[in-house]
Amino acid sequence: MQFRSAFPVAVLLGAVLGAAAVGDEGRENAPVSAVATGIVREANAAVSGASWDIPVVRNAPVERFIGIFSGRQQDRMALYLKRSGRYEGMIRAKLRERGMPEDLLYLSMIESGFNPTAKSHASAVGLWQFIEDTGERYGLRVDGYVDERRHPEKSTDAALSYLEDLHGQFGSWYLAAAAYNTGEGRVARVMRQVTGKEKGKDADFWRIRSRLPSETREYVPLMVAAALIGKEPAKYGLGSVQRWMPLESDEVQVPAGTRLSVVAQAVGVSENEVKRLNPHLVRSMTPPGKKAYAVRVPRGRSQRFAAAFAGIQKQAAENAARERREEQRRLAAARRHTVRRGESLWTIARRYDTTVKKVQAANNLGRRNRIRPGQRLVIPS
């Protein structure tokens, strides 16, 4: 069974959901300001006196997932409810600005468990589990340095734009959710086969459900079950879960090609703290080029960054230059070997009483790189 989203794998198969955000589980009790507390209070308001702005049905498929969430997967659901405090206020606010149902935030729960670094077996990434093509279609940057599918706010904007387009095409949030999971082409085709038209009503999801792929059949029941538990957790044995606070941050402009470790030193926090705030910087550095790049730092640290960064950057550059000079001296002192016909890295390493890995490292060779006769190799001391 192939799943696009990370969450159904975790629920149905008990798999680990993506890569945990750096240090994520250790931040739930971090102090926050009154503004952040207000956001969480707004997010938690949904758990009392539950009301709905998407249709809610309780049928056998929905009840099945309620049983899973409140039974053998209860610990996992508790973790996702904790994480929801980080992002629920932000997602609800963006939905409200667009006039969209706020309960669509539970799509993010069933996509990723509110984990911005989650990755599925189908290489869908982030809170909203975008595959690369769809993410780029909706304006997300995805390259070797930046993956905005991991950016909570930008990926949310892209996901809501996609859902708006799907709702416009199908006329139903249930059908839009199904299309979000499996693609608009497939849902459109099945709708035409069953109803004779693409646009429909929420009830049409249940009419076409049996013709959809296995994951998509469960997608809307998953969303409804997650919403039922998310809004009234006490009914399902999860009333004691304390939701985590949002990560408060400011943005600072950082020169291209700067390591996040340098930014962290300038603001006086650990590198992991800065990585946690910038999960989209996949190489732990700002992308190369001529333009500065906006990096998030903990709230209230921007002035410290402005005062300290230049000196720390200069020191980091001097350290890097010194390391390069030392490496050049080591290479200059190293032995050289010209590859002969029939030789391998193993025979060469043995001849010089070293290891294949060291020879590969000294010559920037990967495991798949082949050597050829006449090639000059550096032999490490």
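Trainee: Leaving aside its neighbours within four places in sequence, which residues is L260 in contact with?
Mentor: This is a predicted model, in which local features need pLDDT of at least 70 and side-chain atom pairs pLDDT 80 or more, while totals for chains, interfaces and linings use all residues. Residues are numbered from 1 along each chain as its sequence is written, and side-chain values use heavy atoms, with hydrogens and water left out. With contact taken as heavy atoms within 4.5 Å, and neighbours within four places in sequence set aside, the partners of L260 are E271, V274, K275, L281, S284, M285 and V295.

Trainee: Is L260 buried or exposed?
Mentor: L260 belongs to helix 12, where helices (H or I, at least four residues) and strands (E, at least two) are DSSP runs numbered from the N terminus. Buried means under 20% relative accessible area and exposed over 50%, with partly exposed in between (1.4 Å probe, protein chains only). The relative accessibility of L260 is 0%, and L260 therefore counts as buried.

Trainee: How far is the C-alpha atom of L260 from that of T286?
Mentor: Along the chain, these two residues are 26 residues apart.

Trainee: Which residues of helix 12 are buried?
Mentor: Helix 12, covering residues 260-267, is mostly covered, with six of its eight residues buried. After the helix comes G268, with a positive phi near 80°. The buried residues of helix 12 are L260, V262, V263, A264, A266 and V267.

Trainee: How are helix 7 and helix 9 oriented to each other, roughly parallel or roughly antiparallel?
Mentor: Helix 7 (residues 152-170) and helix 9 (residues 184-195) have axes 12 Å apart and pack at an angle of about 15°. Their contact is made by Y162, L166, Q169 and F170 of helix 7 together with E184, V187 and A188 of helix 9. Angles under 35 degrees count as roughly parallel, over 145 as roughly antiparallel, 65 to 115 as roughly perpendicular and the rest as oblique. Helix 7 and helix 9 are therefore roughly parallel.

Trainee: How far apart are N115 and Q129 in space, C-alpha to C-alpha?
Mentor: N115 lies in the loop between helix 5 and helix 6, and Q129 is placed in the loop between helix 5 and helix 6 (132-137). N115 is buried with a relative accessible area of 0%, and Q129 is buried with 1%. They are 14 residues apart in sequence, and their C-alpha to C-alpha distance is 9.7 Å.

Trainee: What is the relative accessible area of N364?
Mentor: Most residues other than glycine have a negative phi. Q129 has a positive phi near 50°, and N364 has a positive phi near 55°. N364 sits in the loop between helix 16 (356-362) and strand 4 (376-379). N364 is exposed, its relative accessible area being 74%.

Methods. Axes are lines fitted to C-alpha atoms, for helices over the stretch in contact, and angles run from 0 to 180 degrees between N-to-C directions.
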